[in-house]
Amino acid sequence: MSGIKKTGEKNLMFFSGRAHPELADEVASHLGVDAAPTTLRDFANGEIYARYQESVRGCDAFVMQSHTWPINQWIMEQLIMVDALKRASAKRITVIMPFYGYARQDKKGRGREPITARLMADMFKTAGADRLMSIDLHTSQIQGFFDGPVDHLFAMPVLVNYLKDKLDLATTTVVSPDTGRVRLSERWADTLGTPLAFIHKRRDLDVANQVKVSEVVGRVRGRTCVLIDDMIDTAGTICKAADALYEQGATNVVVAATHAVFSDPAVDRLKNSRISEVIVTNTVPLPEDKRFDKLTVLSIAPLIARAINEVFSDGSVTSLFEGDS
């Protein structure tokens, strides 16, 4: 069965690109459907071919792709899949990108720079997307870049539920690795009932992924610190933040992040750091060579499936996080 059909009403069809088939299978299982059969292949010169093996006319289409390495290939594949759905007369197309590629360039820090987060939104709109769904956007303002509904999902409930059973909250402090994550950290601290701290850092604008930690603001001495972030790329920020916390007297540092991008040399840095546990979700695939003993991977599939059901049934996605409708 490759869809849920409501007689005279709607027909949900779920599609997935080739970037992260394991997550797609999990989401489809939670939805109680099979991913719609799709032919995806590469021509000899690298161009991508896509064709759906079933009629998609009039369906409510949900097309998911994880923007992982090689990121440009998978973004292009998703765009082509959306274009094929539009030209095959799908009624509504929801693009699901658990990790929103190019989101870090969401504003012009200096002259002559692009705003690639807006470019991404424009490309998917032009391809035919009616709606976007993503998890823990790099900044909330990205929601305004797309001319249509955007479902901004949060991994915090998944991560918090895991940590509640692991930590003594009386001796725990939530720590933001930079000032840009303070608002998210406040939500974490309110949910866990813990104090909040943050780290003031400076970044070299001329050298990518280079961070200088300045100082820790907040109560961390003698406490377990939970460092939170939306993504871990090269792990430079997180590892330097953990070192700063230990220098200020923290007894233990745990890291919780949504997107485990893990570009080199992230795995080596995390393995050799004093961080006791790194907790991430499976928004992007993690091959065996990027897994290590103190890494915990939690599934985000149930959250995505619930959000798809809410959108399909015209329910409330907000209720997934606020408990109302």
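Which residues in H2 meet which residues in H3? In this predicted model, local features need pLDDT of at least 70 and side-chain atom pairs count only at pLDDT 80 or more, while totals for chains, interfaces and linings use all residues. Residues are numbered from 1 along each chain as its sequence is written, and side-chain values use heavy atoms, with hydrogens and water left out.

On the H2 side it's Ile 75, Gln 78, Leu 79, Val 82, Asp 83 and Lys 86, and they meet Met 120, Met 123, Phe 124, Thr 126 and Ala 127 in H3 (contact means heavy atoms within 4.5 Å). Sorted by type, the residues of this contact are seven nonpolar, two polar and two charged. Helix H2 spans residues 71-87 and helix H3 residues 116-127, and they pack at about 30 degrees with their axes 8 Å apart. H2 and H3 are therefore roughly parallel (angles under 35 degrees count as that).

Helix H1 (residues 21-31) has Leu 23, Ala 24, Val 27, Ala 28 and Leu 31 buried; buried means under 20% relative accessible area, exposed over 50%, and partly exposed in between, with a 1.4 Å probe and protein chains only. Looking down the axis of H1, the buried residues fall within an arc of 135 degrees, so they line one face of the helix. Asp 25 and Ser 29, on the other side of H1, are exposed. Gly 32 follows H1 and has a positive phi, near 80 degrees.

Glu 47 sits in the loop between E3 and E4. At a relative accessible area of 48%, Glu 47 is partly exposed. Leaving aside residues up to four places away in sequence, Glu 47 touches Arg 41 and Asp 42.

Key. Helices (H or I, at least four residues) and strands (E, at least two) are DSSP runs, numbered from the N terminus. The arc is that of the directions from the helix axis to the C-beta atoms. Axes are lines fitted to C-alpha atoms, for helices over the stretch in contact, and angles run from 0 to 180 degrees between N-to-C directions. Angles under 35 degrees count as roughly parallel, over 145 as roughly antiparallel, 65 to 115 as roughly perpendicular and the rest as oblique. Ala, Val, Leu, Ile, Met, Phe, Trp, Tyr, Cys and Pro count as nonpolar, Asp, Glu, Lys and Arg as charged, and the others, Gly among them, as polar.
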